[in-house]
Amino acid sequence: MNLTFFHDVKKFTRSVKILTLLAFFLCSTEGYGSDVARLESLINASLPKNAQWSYSAVNMATGETMSSIGNAKGSSLAPASLMKLLISAIALENASQLHRDTIIASDGEVSQGILKGDLYIIGKGNPYLASGDLTTVFKGLTSFGIHEISGDIIADDSLFDSKGIERTRYGPAYAIPDALGLDLHTVSVNVYPTKSGKPPIVEIDPPQKDIKIALSARTVSSSQITLQIRQLDDFSYQISGNIPENSPLSHKRFPLGYPSLYAAGSLYTFLNNGGIKIKGDFKKGIAPEKAKALVSLPAPSIPETIDAMNKNSINVVADNLLLTIGAHKFGKPGTREKGVSAIRDFLQQMYMDLTGVHIVDGSGLSKENRLTSEFVARFLFKVSGKEWFEALYKSLSVPGEGTLSHIGYKNNGFRVKTGQLEDAFALAGYYKNNQGIGIAFAYIVNTPGADAPSVQKTGLEILKYIAGDTV
């Protein structure tokens, strides 16, 4: 074999590969995929005439802006749940310093199995505290030989002052933030059919001794279900209508107005039902400094916390993190203002241009939040250099999972966070093609009726465009 010819061929082949990748790279700075002008025309034609929108993309290799289009290019728009990207990043930046374990403590002494004093459940902002954690409390107390508590069960939620993060929408997705609460600060009402003509069985989870149920519902032999489950307040529910005797349980979840007080009542109920007698009642208060910790309920790690938050876009987790960060940076109590100041400080430390940036909460539920798509894309590029970036990246959904489970498109090259309000639709994240060339991108639409399928479909077109699947 002619070795000279062989080596020349290898060099030529290698040069072609390099030139091909270089050509791809250079083309990608003008538009990732096909013609960006055609994409802009497609989006304009698909959205309502009064819609404001923008799309931006940043090359992950160079930090250069690759695309910036839309009739609101450069304008600040309501980003909906893209705000969770900001709170995720600052939480990861401070992860080792955020102590969120729930503490069970007492200012009394144990004598002959009696805890002579009050029992405090001290919230540190863990929104994933669950009714199952009450078992851990019970086991912990019985390990001290406690079978009676002479005082009250007292909820201490003083770490947060959530004033200013009010909800204008109702439902379990809009539960309010609180330093203490169970099951994402919600309650579940389960209704089970019995025999025809008899009332159904009602189960409340987490359990609560002071629940009042106005029950007029009946189990019926017909197949038609007319059951209605209504929440009157945290401790009062109305159940009416009919439930067929062969039907599965009917289930409805409600947000709580006072998550910490409900948590104290649930702990009271659980301990009492388990055999620890409580002489007092349950209420809210502040644990004295002399109170000693008896049981600790560990919170999930920050990466675990944001993984569930981002994939399922859980609002209460984001706003809890905002208040937690505020308390950590500026002292107790954590407030909305302190949390927002901490985020802005964090962004300035990354040399982000905050022109047009207006931050109101961590969840993105407020319509007063304002970001540009260029800001979001550049933010995503900048945090990619952080040592914790992998945790943020993995918390974003691949099309086909989480909030992207129904988008009708699958491509493992993407990691995406979505945002959805009545008048805002957004998606942002990362894409890496087969050549390893990646981008950070953001797409934001503001228009009445942004939750319509036609608006959401434009997000699908953005993803397909980025991947080069279609224009």
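Trainee: What makes the link between the side chains of Arg169 and Glu422 a salt bridge?

Mentor: Their N to O distance is 3.1 Å, and a salt bridge needs a side-chain nitrogen of Lys or Arg within 4 Å of a carboxyl oxygen of Asp or Glu, so the pair qualifies. Bear in mind that this is a predicted model, where local features need pLDDT of at least 70, side-chain atom pairs count only at pLDDT 80 or more, and totals for chains, interfaces and linings use all residues. Residues are numbered from 1 along each chain as its sequence is written, and side-chain values use heavy atoms, leaving out hydrogens and water.

Trainee: Why is Arg169 called buried, and what is Glu422 called?

Mentor: Buried means under 20% relative accessible area, exposed over 50%, and partly exposed in between (1.4 Å probe, protein chains only). Arg169 has 15%, so it is buried, while Glu422, with 36%, is partly exposed.

Trainee: How do you know that Lys311 and Asp307 are about one helical turn apart?

Mentor: They are four residues apart in helix 6 (residues 302-312), hence that separation; helices are DSSP runs of H or I with at least four residues, and strands are runs of E with at least two, numbered from the N terminus.

Trainee: What makes the link between Lys417 and Ser313 a polar contact?

Mentor: Their side chains come to 3.0 Å. A polar contact is a pair of N or O atoms within 3.5 Å; within protein, one must be able to donate a hydrogen and the other to accept it, and residues adjacent in sequence count only if both atoms are side-chain atoms.
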